[in-house]
Amino acid sequence: MHGREKTKEGSSLVPGCTSMEEKPGQPAPEETPSNAPPGTVGRELFGYVGIEAVLDQMRIKTMKTGFEFNIMVVGQSGLGKSTMVNTLFKSKVSRKPTGPGYEERIPQTMQLQSVTHVIVEKGVKMKLTVTDTPGFGDQINNENCWDPIVKYIKEQYEKYLREEILISRKRKIPDTRVHSCVYFVPPTGHWLRPLDLEFMRRLSKIVNVVPVIAKADTLTLEERAEFKQRIQEDLKAHGINVYPQEDLDDDSDDRLLNKKIRDKIPFAVVGADTEHQVNGKRVLGRRTKWGIIEVENPAHCEFPLLRDLLIRSHLQDLKDVTHNVHYESYRVQRLNESNQLAPSPAAGLLGKHEMESNL
Amino acid sequence: MASSEVARQLQNDNCRPLSLSGHVGFDSLPDQLVNKSINQGFCFNILCIGETGIGKSTLIDTLFNTSFDDRVSTHFHPNVRLRAQTYDLQESNVRLKLTIVNTVGFGDQINKEDSYQPIVDYIDAQFEAYLQEELKIKRSLYNYHDTRIHVCLYFISPTGHSLKTLDLLTMKNLDSKVNIIPVIAKADTISKTELQKFKIKLMSELVSNGVQIYQFPTDDETISKINATMNGHLPFAVVGSMEEMKVGNKMVKARQYPWGIVQVENENHCDFVKLREMLICTNMEDLREQTHARHYELYRRCKLEEMGFRDTGPENKPVRVALLKGYKDNKKSVSHSYSSVESLQETYEAKRHEFFGELQQKEEEMRQMFVQRVKEKEAILKEAERELQAKFEHLKRLHQEERMKLEEKRKLLEDDMIAFNKRKAATELLQAQAFASTPTISLKKDKDRKNTSFM
């Protein structure tokens, strides 16, 4: 890949990469250059050309087409998943009435519910899909309670794969793949439970898992720190790779940034969707007898960190990792499966090419 | 973009629009995307088609304001070749990997029938490479060096009359594969009025021959106006030059003639600035997108159909789709795409069987042929053997006959000898009798005589 010299001036110098290999200009009939790109040479621009206008073009294009983001929240009932989603997106995404007198029956089996919304902020249009999992981990026997979730995630990959493999395919394939899965860990203060470990282990292989400590207002700061420490150790001991994955760091900048995030995982969050008056300002928070917990105050809880991670800084990265890593590995696995029945269509196309070109 | 508009538009998508009660922060999404692209860098590939000496390299140098090292090529190439060179350019924090493909020897041959074919082949080869990468099982598309041609600058010689047949033919063959932007090269040889007429003539010729050149997109409000005006100025009349002259009190790129100075960046003198603006500043992204979404998809579709793959269609698929026909619409669409991977697989299986069948057949044929040949050879050899045998017999017989003859002769000889001996004995007896009949005194003499006759 290229070196990352970022200079601030207008036109800048770039040291050449490798020496350029040109196709020799003999009169011998060689038709086309080979597919391996010849070595490239850096070139100095004498004046302003306008290449950086391509950034604006890209920006305009993406604003026009809009974005899609699919998030899944998993956790036992009563951990505040719906409230958290509402707080994240500052709107009533999940219409779960939380007043007293409301009886929510715990469903017998776990069902996944997806709700899609479109939100617009400053001209940026986003199609947000939130998948909720009521009933997760609520039964007495929770074996294989992750199966419906795994199946759902794989179904979305399958749908995308089918669209991608069509001969006449759409210009923009609708993306319903789950980009991030937020897992709510109950604030026991001890360790991760076997259910948590098992679930995260299975799911971190197919989707970006972001673990959070739910209802963190029951833990003091010291308890919180210890809990986090133990969770991190647990995750490492079991080889669970949560987002941001270590092996996906491209370069030192990324690594530094992601290390900071990794040190803080899992975020201890508190969700609230009611506003209160604090010091003359309206803030989102939970009012208790002993004080008001401000959700967006970094001293109180780590909700701002979660929000920044999910939305403000790493949203595109979440989508990219889903597309480039998880989707690709699903695709490899799927195509290899049909390979065992018969060599895969892709390999078949490939092989046919070779055979045809040889014949 | 008014949110009510958005709301109405998306009601149809079964999505509920939502109103935000505070700042969420995803308006930074385009920035995140842009940052990501900056990290990855951009790729842009230009193909220049034009006769030798028409000014392709100079124009590219001028466009990107740098001197790409390009040798002057001769006019004596026997066929058209393409030469691609890749350069890394950087401007502020944007890295561009620019590939320039030049046609060498275009329009130089006496017989120009095949001039456009290498170009078409090259473009197809780039699409093919991308398709191969996309179809691999383990693929890495996000750091794949995209070599597909994004734009083709077609250089028209400034005759002032009309398009050459070669130009028309080439453009007709390329218009469905690549975005073509025709430019009038060496525009400083045409006067303004002639230029107007020339442009009109060119455009009408292109239209009447059904050549689809690239139209700058007019669907986005921010750039639609300027794009529309530019569309009216096509083809751009350009002049290229890297030499700088002093005009007024500035150094500008220009060409100096005894009768004046043609300034490259002066809009009154030529359309160079327009070309640069359109190509780089305004529409680079759109060019890339059109290449990917339209030309590449078309190529992919044709290629896959050619190889016999089909999306599920009710007429050529067995039991499965027949069963699905009865389902409701939305279910059908899902199962439509559900059978896609399998249908691909089935088609592949069928092709594979067919191919193997052919292979088997060929093998059988060869085997048969081999066996046949062996038989034939054997027959020939047997024939030869028989002949030899016959000869041998014949010779043997001859030999026998000779022998018998000889035997006879010998017998005869022996008989003769016996007869002769007999006669001899008889004659001697007679002689002896004749002696005994004379009275002789000397018995001794008889005895002597007997003795001597005995001897």
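Chain B of this predicted model has 12 helices and 10 strands. Its chain runs to 455 residues, and 44% of them are buried. The accessible surface of chain B is about 26400 Å². Carbon and sulfur atoms hold 55% of that surface.

How does the chain meet itself? Take the contacts in chain B with a separation of 6 or more.

Over all chains, the count comes to 45. Start with B:Asp124 and B:Lys177, whose closest N and O atoms are 3.0 Å apart. This pair links distant parts of the chain, 53 residues apart. B:Asp124 sits in helix H4, which covers residues 116-135 of chain B. B:Lys177 sits in the loop between helix H5 (165-174) and strand E6 (180-184). Is B:Asp124 buried or exposed? Buried means under 20% relative accessible area. B:Asp124 has 19%, so this residue counts as buried.

Helix H4 of chain B also holds B:Glu128. The side chain of B:Glu128 meets that of B:Lys303 in a salt bridge of 3.2 Å, N to O. B:Lys303 belongs to helix H9, residues 284-306 of chain B. The two partners are 175 residues apart in sequence, so their bridge ties together separate parts of chain B. Both B:Lys303 and B:Glu128 are buried.

Now turn to a pair within one helix. B:Arg386 and B:Glu383 both lie in helix H11 of chain B, residues 329-437. They are three residues apart, about one turn of the helix. Their closest N and O atoms are 3.3 Å apart, and the two form a salt bridge.

A network of them links A:Lys61 and A:Arg171 with B:Glu285, B:Arg288 and B:Glu289.

How far can chain A be read? Its average pLDDT is 75, and 76% of its residues score at least 70. Two stretches need care. Over residues 1-38 of chain A, pLDDT stays under 50. The model has 70 contacts beyond four places in sequence for that stretch. Over residues 342-359 of chain A, pLDDT again stays under 50. Here the model has 31 contacts beyond four places in sequence. Where pLDDT is low, predicted coordinates should not be read in detail.

Note on methods. Residues are numbered from 1 along each chain as its sequence is written. Chains are lettered from A and ligands numbered from 1 in the order in which they are written. This is a predicted model: local features need pLDDT of at least 70, side-chain atom pairs count only at pLDDT 80 or more; totals for chains, interfaces and linings use all residues. Side-chain values use heavy atoms; hydrogens and water are left out. Helices (H or I, at least four residues) and strands (E, at least two) are DSSP runs, numbered from the N terminus. Buried means under 20% relative accessible area, exposed over 50%, partly exposed in between (1.4 Å probe, protein chains only). Contact means heavy atoms within 4.5 Å. Accessible areas come from the Shrake-Rupley method with a 1.4 Å probe; for residues, only the protein chains shown count as cover. A salt bridge is a side-chain nitrogen of Lys or Arg within 4 Å of a carboxyl oxygen of Asp or Glu. pLDDT is the predictor's confidence in each residue, from 0 to 100.
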